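Let's take a walk through this model, one neighbourhood at a time. Have the coordinates open and follow along.

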Amino acid sequence: MKIAAIIVAAGKGQRAGGDVPKQRRLLAGKPVFKWSLDAFLDHDRVDAVILVVPSGEVEAYRDMCPPSVIVTEGGATRTASVQAGLKASGLGTEDCILIHDAARPGLTPPVISELIKALSDAEAAAPALPVADALKRQSDGGVQDVDRTDLFRVQTPQAFRFAAISNALARDVSYVDDLAAIEAGKGRVTLTMGQERLTKITYTEDHRRMEALLTPAPRPPRFGSGYDVHALEPGTQVTLCGISIPHTHSLVGHSDADVAWHALTDAILGGAALGDIGDHFPPTDPQWKGADSGLFLKHAVRIAAEHGWVLSSCDLTIICEAPKVKPHREAMRQKTADLTGLPLNAVSIKATTTEGLGFTGRREGIAAQATAVLAPATASD
């Protein structure tokens, strides 16, 4: 048994406003009809997709579709357009077809799967939502309540056994939807669970509401903090932010003991909730003996990106009595910017003392603290 999908996009869509038919208007960056097209193409049970378009626009739509999509011209009515799609599908009597309005872009894989499953013991199936609002009927005699029990809002796609819908639509009758053609012939119809996001775009405000439904809320940025300390011992230089600074002492550490980049590495890992520098580069591992801390920092930037986070900016504070950081600060900023891929104006490096207090005041070691801002990655990052 083959399964195909017809997307009916042959209408003018004038009530939605604008100069472009609603099925071609951009919705969150892509044409409305392509939302449904992509949903069908991505479903592993759908073997073919037929797009029914307005007269004279086959080539224009074909240019917007993958080669596998069958694009065919619709008719003067919706029924005629559906019949054109059925003919173009090439399906046999034992196959199944899903018929969908292009103006319902909120189609999801579970909806498609449930419809296909429902056809195992029915001629037709459609997603539907119970009527939740109170219903009233207005007439000359006033307003009366309408019992909403067992009332449903029927959506698309509507699924059919191919022979059943082909025969039903062959009757010269105008139906409110394709499902009604099966109902008229006393065929068995099953309703599956619909979704609010399958609501049809009819008016301008519908387009805005659907865009809000289909566009995921952006993730807020994350902030990470890092802190590191290394002791000092007699030596000739210290390495801070990748810059070797002549000094009477050197920093003690398993790697090159770049206390500033260690703090920044921890800040990035912390912001992405990926542990700390010790988890990724254990000080007990001999391969990191004397290692350039730039390796650690680049690793943190890369692994954060793999988890959907991009370093947006950073701020480091180096705490020591000596050496003087300010003469080397711009070189340190540039080195950090080059290694992380940040623009220079997104890298802040400061230095302070503890006014002679504590281990840094006694010149026994150097401390550093860092803050990293991580932004959600986008497709272009």
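Are Lys136 and Asp145 buried or exposed? Both of them are exposed, where buried means under 20% relative accessible area, exposed over 50%, and partly exposed in between (1.4 Å probe, protein chains only). Before going further, some ground rules: this is a predicted model, in which local features need pLDDT of at least 70 and side-chain atom pairs count only at pLDDT 80 or more, while totals for chains, interfaces and linings use all residues. Residues are numbered from 1 along each chain as its sequence is written, and side-chain values use heavy atoms, with hydrogens and water left out.

Back to that pair. Lys136 and Asp145 form a salt bridge, with their closest N and O atoms 2.2 Å apart; the term stands for a side-chain nitrogen of Lys or Arg within 4 Å of a carboxyl oxygen of Asp or Glu. Searching the whole structure turns up 12 salt bridges. Another of them pairs Asp38 with Lys30, at 2.7 Å between the closest N and O atoms. Here Asp38 is partly exposed, with a relative accessible area of 23%, and Lys30 is partly exposed, also with a value of 23%.

Next, look at Arg78 and Asp101, whose side chains meet in a salt bridge at 2.6 Å, N to O. This pair links distant parts of the chain, with Arg78 in helix 3 and Asp101 in strand 6, 23 residues apart. (Helices, H or I of at least four residues, and strands, E of at least two, are DSSP runs numbered from the N terminus.) Arg78 counts as partly exposed at 31% relative accessibility, whereas Asp101 is buried at 8%. Salt bridges that share partners join Arg78, Asp101, Arg104 and Asp178 into one network.

Asp95 sits in the loop between helix 3 (78-89) and strand 6 (96-101). The side chain of Asp95 does have a polar atom 2.7 Å from the backbone nitrogen of Gly92. Leaving out residues up to four places away in sequence, Asp95 touches Met1, Lys2, Phe160, Arg161 and Phe162, contact meaning heavy atoms within 4.5 Å.

Phe162 takes us into helix 5 (residues 162-169), whose buried residues are Phe162, Ala164, Ile165, Ala168 and Leu169. They cover an arc of only 165 degrees around the axis, which puts them on the same side of helix 5. The arc is that of the directions from the helix axis to the C-beta atoms. Covering these buried residues are elements including helix 3, strand 6, strand 11 (158-161) and helix 6 (178-184).

At 1.5 Å a residue, its 12 residues (329-340) should span 16 Å, and the end C-alpha atoms are 16 Å apart, which agrees; the expected span is 1.5 Å times one less than the number of residues. Its buried residues are Met332, Arg333, Thr336, Ala337 and Thr340. Seen down the axis of helix 11, they fall within an arc of 130 degrees, so they line one face of the helix. Their cover includes helix 8 (259-271), helix 10 (293-306) and strand 17 (309-319). Just after helix 11, Gly341 takes a positive phi of about 85 degrees.

Finally, a few loops. Asp292 lies between helix 9 (277-280) and helix 10, and is partly exposed at 43% relative accessible area. A polar atom of the Asp292 side chain lies 2.8 Å from the backbone nitrogen of Gly294. His43, in the loop between helix 1 (32-42) and strand 4 (48-53), is buried at 8%. Val69 is in the loop between helix 2 (58-62) and strand 5 (70-73) and counts as buried at 7% relative accessibility. The C-alpha atoms of Val69 and Val49 are separated by 5.4 Å, although the two are 20 residues apart along the chain. Setting aside neighbours within four places in sequence, Val69 is in contact with Leu37, Leu41, Val49 and Leu51.

Conventions. A polar contact is a pair of N or O atoms within 3.5 Å; within protein, one must be able to donate a hydrogen and the other to accept it, and residues adjacent in sequence count only if both atoms are side-chain atoms.
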